[in-house]
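Dear colleague,

I am passing on the structure we spoke about, with some notes to read beside it. Please look it over before going on to the points below.

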Amino acid sequence: MRVIVIGGGILGTMHAWEAVQRGHEVLHLEREAEARGASVRNFGLVWVGGRAPGAELDAALRARELWERIGARVPGIGFRANGSLTPVRSAAEQAVAEQVLSRPDAGERGLKWLSPAEVLQVNPALRGEFRGALWCGRDAAVESRVALPALRAALQESGRYTFLPGREVREAGTGRVRDDRGEAHSGDAVLLAPGAALSGLVRELAPEAPVRRVRLQMMQTAPLDEPLTTSVADGDSFRYYPAYAGTALDALGEAQPQPPVAAEHRMQLLMVQRLDGGLTIGDTHEYDEPFGFDVQEAPYEHLRETAEALLGRALPPVRRRWAGVYAQCTDPGRVVHRERVADGVWLVTGPGGRGMTCSPAIAETTAEELGW
């Protein structure tokens with residue numbers, strides 16, 4: 001079978017990967033010279049701990065297994081099973097962690113409470129003041145800026161994969177697509193993974209798709225002069241990730257409101273050290289379009305202060321700041337929006353902030369549902 005994959009981000013690339021592993025030929029089209037959307041503007045987190053119970057957690061756990069397998073085959077993606085720590089700095093935050101630890105799936109997520117001394121043993125760079133930390137041993141990381149080229153290079157070794165960048169697809173129908181150079185491409189199945197590009201062809205094929213766009217701001221520092229051995233979150237991540245919902249979280253909202261800038265920009269802190277030593281730090285969440293075209297400085301100041309409080313030291317200089325936009329399915333019970341938009345043509349989009357984490361499992365499910 002010949003599969004045409006439209007979209008060079010992590011979701012499209014993982015569908016190409018899955019198809020090639022199943023013995024199929026893949027033609028992969030991307031409108032840019034290289035993917036430039038949320039797939040390369042993220043933390044590179046394989047984030048299990050905060051996922052909602054049910055389908056989302058199942059997808060994250062399966063994807064975590066698949067990422068480790070892929071990392072063994074493609075070292076260039078920079079997979080590392082580094083786990084994560086969420087230091088808590090108040091009794092109300094600790095109560096949220098304790099409630100999560102009491103749930104039946106805590107072991108499946110690899111969750112454990114660590115004292116301040118144990119935190120320092122796991123991650124000596126965390127020298128701030130906190131009551132302890134929630135450890136998630138199932139979390140991991142990859143290098144988002146280099147993972148896609150590394151995966152494509154491995155795919156090309158199969159002899160059954162062709163990547164055509166700089167091709168925006170204008171038409172897609174049964175067994176055939178046409179790009180903006182006027183060239184037609186034929187295949188047995190078409191998979192459209194457009195990321196946050198929801199206008200044009202996507203709107204024509206799926207005008208009622210239950211997907212919205214979300215904008216974020218992030219930054220990256222110069223190399224830290226010591227290892228940050230785990231990924232790091234702050235207590236505000238409890239407010240953002242669905243795994244932490246419960247009476248303790250409700251009490252946290254009442255007892256400890258977020259600072260105004262964090263509340264306004266719907267913020268949490270996530271921090272991951274890149275292989276070059278730099279720290280990727282974020283992020284904000286904006287849901288109402290039209291989005292601004294500029295970045296705002298107040299959220300960056302909040303992120304810096306929060307990160308420095310956890311590290312107990314000044315951050316290295318910031319080298320990069322950026323905004324990004326991802327697509328999010330508005331049905332909270334679904335990991336992704338998957339829809340047949342024409343005979344033999346499928347749209348897969350809207351994983352939200354789960355794209356880097358869950359894309360291998362999403363692609364596997366697509367292949368099984370479509371009978372690849």
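Is Asp236 buried, partly exposed or exposed? Asp236 is buried, with a relative accessible area of 8%, where buried means under 20% relative accessible area, exposed over 50% and partly exposed in between, using a 1.4 Å probe and protein chains only. This is a predicted model, in which local features need pLDDT of at least 70 and side-chain atom pairs count only at pLDDT 80 or more, while totals for chains, interfaces and linings use all residues. Residues are numbered from 1 along each chain as its sequence is written, and side-chain values use heavy atoms, with hydrogens and water left out.

Asp236 forms a salt bridge with Arg239, the closest N and O atoms being 2.8 Å apart; the term stands for a side-chain nitrogen of Lys or Arg within 4 Å of a carboxyl oxygen of Asp or Glu. Arg239 is partly exposed, at 26% relative accessible area. The structure holds 25 salt bridges.

Another of these joins Glu68 to Arg64, with 2.9 Å between the closest N and O atoms, and both residues lie in helix H2, four residues apart; helices here are DSSP runs of H or I with at least four residues, and strands are runs of E with at least two, numbered from the N terminus. Arg64 is buried at 4% relative accessible area, whereas Glu68 is partly exposed at 41%.

Among the other buried residues of H2 are Leu57, Leu61 and Trp67.
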